Structure formats: structure tokens, C-alpha cells
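Trainee: I have a new model open and want to learn to read its features. Could we take them one at a time?

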Amino acid sequence: MNGSPDESISIVVEREMRHPPEKIWRALTEPYLIGEWLMKSGDFRPVVGHGFGLVADWGAVDCRVETVEPNRSLSYSWDTKDLRSTVTWTLTPTDTGTLLRMEQEGFRPDQKSYYRGAQAAWPRFLAALDEVAARLE
Amino acid sequence: MIPQPSDILFKTLSDPTRRAIFERLCADGELTVGALTQESGVSQPAVSKHLRLLKQAGLVSDRHEGRQTHYSARPVALAPLIDWAAEMTRFWENRFDALEDLLDGMDQ
């Protein structure tokens, strides 16, 4: 994805963890540990371009590593039957541990022809959804 | 289970021109095809086609008055999209909980 972070926000979850980045990095990148909290993954490797799968009882996710910055950030594509998206993890050291941030940017597969044009405006639109939702109350 | 977004909503709103028309109706209230065409940069037949698709998705409603048709936005139709984003967020919140449990139990 080429957009700036501002353009690519669709879903963001952030949490302060009482653990150092190195420890969280292990949980994000060691297949056995990934299986303990996210989904089962036998073949993850933190290598750009490496393809891997995540499996749960409800289905599977196809992934490909896009960026790796040890102990700092990791991103991979996150594709399911109906959803094409990218998941980006960012680890920021704090006084008490780590601020862990997950951002998922998603697009539909049948949007390919619109993809370029939609890339800039779509997340802005998603961000505006909250306002629209508030008006519905 | 990861929720799947609503097909027709995503498909309809994936077109930038269509999205612009919808956003303009949200901002300006009821408008005719003519008024929508003036600032859209596309032809009136194209605007009409976009309006038809927006109406199919439930995002726009129309009201006939004499020879004019007035279009207005139905933001309530966005609810499934908002629900999807909320469910997806809940999925990740749960994964974060599990990650925190794992980290608490891990040696350094």
C-alpha cells in the first residue's frame, strides 16, 4: 500500500502493554506463539515476500509479509475469501512497556478497477462514518 | 469468526464519483439530478446511472414532484458497514486480550 498512514486508517486497535517490545515481537513472529493468541500458523517467517497461512476453526487467512523492522513494525497482507487487506503492527517503547498498535486496511477484491482512485478517499470516508453514525442517533 | 462486509454497500461506495454524490447528498440535503450534475464533472446520464445504483443499495431515495425528481441520502443504509467495522474491531480487541494473557505467562 502506498498511501500515507493518514490515508490508510480503516480499523485501528491500540493498547499499552506491560512488556518490552522484544517480547511482544516474539509473540508476533514465532509460529508457535502466534498460534497461542492469533490463529494457528505453522509456516510464518519474518521475511519480506514470505507467504504463510493462518487457520482457525471458522476458516483461513492467506498472508504475505510486506515489511519487517525487528522489534518495531511488521506488516502482512490479510486475505480471506471476500476481503483483501493489510495488517500492520507497530511497537513503540514506553516507560512501562510497549504501545502496541494494529492497523487493518481493507478493500474488496471486486474493486480492482477502482482501487487506485479509491485508495485515497476510501479511508477518509470510513473515518467519516463515525460522524454519520452519530447523526443517526 | 471474522465478519464479512456487506457486498453491495462496498461495491456501490467503491466508486469515487458515486461516493462523492452520496457525500454531497449527505451534506446538502435533497437535490435534483441537474443540481448534482453541475458540480460533479460528469454527464447527467452518468449521474442518473450512479443515482440508480445508489438507490439499489438503499443509500439514496427519490421523491417525484411534477417533472422533477428529488434525491436524498439515506445514511441509515450505512449501518451494516458501521457494524462490520465495529465487529472487526471487536475481533482484534479479543486477539489483543489473548496476546496479553500469553505475554503475562511468558518468560522474558
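Trainee: What is the strand order of the open sheet in chain B?
Mentor: Pairing comes first: two strands pair if DSSP finds at least two bridges between them. Here three strands form an open sheet in the order S1-S3-S2 of chain B, with antiparallel pairing. Strands are DSSP runs of E with at least two residues, helices are runs of H or I with at least four, and both are numbered from the N terminus. This is a predicted model, in which local features need pLDDT of at least 70, side-chain atom pairs count only at pLDDT 80 or more, and totals for chains, interfaces and linings use all residues. Residues are numbered from 1 along each chain as its sequence is written, while chains are lettered from A and ligands numbered from 1 in the order in which they are written.

Trainee: Which strands stand at the edges?
Mentor: S1 (31–32) and S2 (60–65) of chain B do. Each has a single partner strand, so one side of each lacks a neighbour in the sheet.

Trainee: How many bridges join S1(B) to S3(B)?
Mentor: Two, and the strands run antiparallel; S3 of chain B covers residues 68–73. B:Thr32 stands opposite B:His70 of S3(B).

Trainee: And how many bridges pair S2(B) with S3(B)?
Mentor: Six, again in the antiparallel sense. B:His64 has B:Thr69 in S3(B) as its bridge partner. The hairpin of these strands has two residues between them, and B:Gly66 there takes a positive phi near 65 degrees. In a regular strand, side chains alternate between the two faces of the sheet.

Trainee: Which strands does H2(B) lie across?
Mentor: H2(B) lies across S1, S2 and S3 of chain B, at about 90 degrees to S3(B). Angles run from 0 to 180 degrees between N-to-C directions, and axes are lines fitted to C-alpha atoms, for helices over the stretch in contact. H4(B) also packs on the sheet, where it touches S2 and S3 of chain B and makes about 115 degrees with S2(B).

Trainee: How do I read a pair of packed helices?
Mentor: Two packed helices are described by the angle between their axes and the distance between the axes. Take H2 (residues 16–28) and H4 (residues 44–56) of chain B: their axes come within 10 Å and cross at roughly 75 degrees. H2(B) is therefore roughly perpendicular to H4(B). The cut-offs are under 35 degrees for roughly parallel, over 145 for roughly antiparallel, 65 to 115 for roughly perpendicular, and oblique for the rest.

Trainee: Which residues make the contact?
Mentor: H2(B) supplies B:Thr17, B:Arg18, B:Ile21 and B:Phe22, and H4(B) supplies B:Val47, B:His50, B:Leu51, B:Leu53 and B:Leu54. Contact requires C-beta atoms, placed from the backbone, within 7 Å.

Trainee: At what angle do H1 of chain A and H5 of chain B pack?
Mentor: H1 (residues 21–29) of chain A and H5 (residues 79–105) of chain B pack at about 120 degrees, with axes 11 Å apart. H1(A) and H5(B) are therefore oblique to each other. The contact residues are A:Lys23, A:Ile24 and A:Ala27 of H1(A), with B:Leu99, B:Leu102 and B:Leu103 of H5(B).

Trainee: Is B:Ala27 buried or exposed?
Mentor: B:Ala27 counts as exposed, because it has 8 C-beta neighbours inside 10 Å. Buried means 20 or more other C-beta atoms within 10 Å of the residue's own, exposed 12 or fewer, and partly exposed in between, with C-beta atoms placed from the backbone. B:Ala27 sits in helix H2 of chain B. Its C-alpha atom is 9.0 Å from that of B:Ala73, 46 residues apart along the chain.

How values were computed
Two residues are in contact if their C-beta atoms, placed from the backbone, lie within 7 Å.
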